[in-house]
Amino acid sequence: MAKKETIIGFLYLLPVIAIILFLTLYPIGYAVYISFTNFNLYHFFHYSWVGLMNYVTIIKSGTLSNIFLQTIIWTVGSLVPMMATGFLLALVLNQRDLWGKNIYMTLMLFPWAFPSFITILVWSGMWNYEYGIVNKFLGLIGIKPIFWFNYVPTSWAALILTNLWLSFPYFTVVFTSALQGIPRELYETAYVDGASMFRRFTSITLPQMKNALSFVGISSFIFTWNNFYPIYLLTGGGPGTATEIFVVYAYQEAFSYNLFNIAAAYSIVDTIILAAFALLMLRLSGIMKVIT
Amino acid sequence: MNSYRLMKYIRLLISHLILIAFVLFAVFPIYYVLITSFSEVPTLASISISSLIPRPSTLTLSAYYYILFKNPFFLWLRNSLILGVSSMLIATAAAFLGAVALSRINMPGKSALIYMIYVLTFFPFTVTVIPLYLMFAQLHLINTYYGLIIAYSGGSSIFGAYLGKIFIDSIPREFEEAAMIDGLGRFSAFTRILLPMSGPVLAFVALTSFIGAYTDYVLASAFITSGKLWTLTLGMYYLAVTNRTTLYNVFAAFAVLMGLPIFILFMALQKFLLRAYSLGGLKA
């Protein structure tokens with residue numbers, strides 16, 4: 001009986017298992033193999049095993065540590081404002097006596113509802129030096145037009161602001177629904193006991209939100225780390241390579257320079273570092289169990 | 001008492017100000033692209049703040065005319081729809097079957113599989129895109145719809161199965177058990193009872209897998225070289241990035257034509273979608 005159950009289960013899972021095997025596990029193994037070969041433009045048809053040479057090359061070039069730091073700037077720099085904004089808006093929207101919640105919520109969904117590939121290109125036009133609307137607005141308050149993507153700090157500012165626009169609706173929605181899950185009685189009891197608004201926030205809201213905040217924070221860390229389009233479409237990793245992150249750099253090494261071996265090595269390093277961070281955070285937050 | 005009421009008004013006032021500021025931030029780029037798409041822009045530098053509030057006399061459909069009739073828009077749209085709809089159907093079906101098995105059927109290795117699905121999300125797409133290209137080249141799937149459909153539906157169905165499992169876990173087993181006592185087989189119990197009840201999460205998987213295919217640039221640009229198979233995203237990238245002489249109003253019209261249907265769909269299904277998102281976000 002138990003055996004029959006297992007067979008039936010595998011039949012249901014067959015499509016998903018086939019997909020995992022052929023479209024992810026096999027290609028991942030293949031990519032690991034490529035990262036140990038000299039498979040690139042110069043050895044396209046006859047490539048051979050070179051051991052750790054690609055890894056040695058990228059570590060020695062010094063690019064790796066820069067890209068690592070930039071990936072951290074991108075991920076943490078995006079995540080902190082996104083989560084703070086989402087949490088703040090959720091707290092504001094969670095007030096019982098606030099009028100017009102649904103209208104506000106609906107309008108704030110706009111960035112999420114429009115495909116991001118398109119809106120990133122729209123933003124790319126908005127940051128433009130000559131005709132970008134951002135510079136026109138700055139002109140109103142007497143600030144001279146800025147070449148946003150020619151300087152490193154302004155590039156990061158533009159990237160992170162665009163990413164905030166793309167993501168804050170998601171965080172607002174998820175945190176609002178988590179706040180609504182907190183039992184009302186907790187607040188009522190605290191209120192009767194004379195706890196201040198600040199006290200209610202620190203002793204009820206924060207502890208009750210801990211799981212939601214950690215889970216969303218970790219998942220978004222993973223997502224942002226490998227988020228390709230904002231950087232690829234806005235700065236292309238520039239000026240120079242100052243805003244390159246792993247995934248964009250690996251893509252360009254492969255598709256602009258045909259260095260498939262180097263691209264594979266960067267992708268593997270990217271995964272190892274991200275996995276280390278993710279597992280550490282999952283362990284520390286005690287959220288591991290929530291996944292399954 | 002009076003100071004209490006004053007505090008309340010101040011609190012609400014600040015709340016409204018914050019919300020209005022973020023609503024303006026959220027809506028502005030969409031409004032901007034809409035306005036631009038209806039405007040006559042002879043040179044890009046002539047866009048100014050005053051053009052943000054359009055006068056009816058200056059509105060024109062010329063950018064739309066240019067996009068629809070001077071570019072192969074309908075060909076690109078057809079290709080995008082073929083890829084999007086096929087990937088959506090395959091991904092949703094595979095995700096539902098996988099989700100039912102992960103949630104309802106006892107079998108060894110289930111939790112290992114779930115962990116593995118989670119770990120797979122750590123890999124950037126750059127790991128798989130080159131091996132997939134080489135595999136598909138050997139199988140003669142480059143420059144075909146099939147190659148892209150397989151790649152798109154694969155990605156979305158794995159995460160869909162995981163999300164579906166979480167959702168189906170929250171449906172009491174008694175529903176199918178009652179149906180099975182009434183003489184329904186297990187598979188029909190799943191399709192007749194669980195399938196309709198999984199509506200929100202399936203709508204979510206369907207829409208995200210459609211959007212994933214519809215807005216993909218990376219795989220399409222790698223697996224397609226023939227102009228006949230170009231999708232809307234490739235066309236848009238060409239107009240916005242490669243062909244720098246494109247007028248901004250033409251680009252804007254393209255953005256509206258391509259994005260508005262998704263926008264309307266998202267807004268129409270928002271109740272379902274937000275529930276599914278909250279579910280994936282905090283299953284605590």
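Of the 292 residues of chain A, 40% count as buried, a residue being called buried if 20 or more other C-beta atoms lie within 10 Å of its own, exposed if 12 or fewer, and partly exposed in between, with C-beta atoms placed from the backbone. The structure is a predicted model, in which local features need pLDDT of at least 70 and side-chain atom pairs count only at pLDDT 80 or more, while totals for chains, interfaces and linings use all residues. Residues are numbered from 1 along each chain as its sequence is written, and chains are lettered from A and ligands numbered from 1 in the order in which they are written.

The secondary structure of chain A comprises 14 helices and 0 strands, where helices (H or I, at least four residues) and strands (E, at least two) are DSSP runs numbered from the N terminus. Along its principal axes, the C-alpha trace of chain A spans about 75 × 75 × 30 Å. Among the contacts in chain A with a separation of 6 or more, 67% are accounted for by residues 24 or more positions apart, two residues being in contact if their C-beta atoms, placed from the backbone, lie within 7 Å.

Chain B contains 13 helices and 0 strands, and 42% of its 284 residues count as buried. The C-alpha atoms of chain B fill a box of roughly 75 × 70 × 35 Å, taken along the principal axes. A compact globule of 284 residues would have a radius of gyration near 19 Å, whereas chain B has 24 Å; the radius is taken over C-alpha atoms, and the globule rule is 2.2 Å times the number of residues to the power 0.38. In chain B, residues 24 or more positions apart account for 76% of the contacts with a separation of 6 or more. The mean pLDDT of chain B is 86, with 94% of its residues reaching 70 or more, pLDDT being the predictor's confidence in each residue, from 0 to 100.

For the complex, the predictor gives an ipTM of 0.91 and a pTM of 0.91. The contact between the chains takes 75 residues from chain A and 70 residues from chain B. On the side of chain A that touches chain B, helix α1 (residues 2–34) gives the most, with 17 residues. The residues of this side of chain A divide into 58 nonpolar, 12 polar and 5 charged, a division in which Ala, Val, Leu, Ile, Met, Phe, Trp, Tyr, Cys and Pro count as nonpolar, Asp, Glu, Lys and Arg as charged, and the others, Gly among them, as polar.

In helix α8 (residues 152–180) of chain A, the 29 residues should span 42 Å at 1.5 Å a residue, and the end C-alpha atoms are 41 Å apart, which agrees; the expected span is 1.5 Å times one less than the number of residues. Leaving aside residues up to four places away in sequence, Thr162(A) touches Ile120(A), Trp123(A), Pro230(A) and Leu234(A).

Helix α10 (residues 197–225) of chain A also has 29 residues, but its end C-alpha atoms are only 36 Å apart, short of the 42 Å that a straight helix would reach. In α10(A), a bend of about 50° occurs at Lys210(A), and the buried residues include Met209(A), Ala212(A), Leu213(A) and Trp225(A).

A cis peptide bond, with omega about 0°, joins Gly238(A) and Pro239(A), and Pro239(A) is found in the loop between α11 (229–234) and α12 (246–255) of chain A. Asn258(A), in the loop between α12 and α13 (260–285) of chain A, has a phi near 55°, a positive value in a residue other than glycine. In chain B, the loop between α5 (125–138) and α6 (145–169) holds His140(B), whose phi is near 60°. His140(B) counts as exposed because it has 10 C-beta neighbours inside 10 Å, whereas Asn258(A) is partly exposed, with 15 other C-beta atoms within 10 Å.

Notes
Bend = angle between axes of the 7 residues up to and from the residue.
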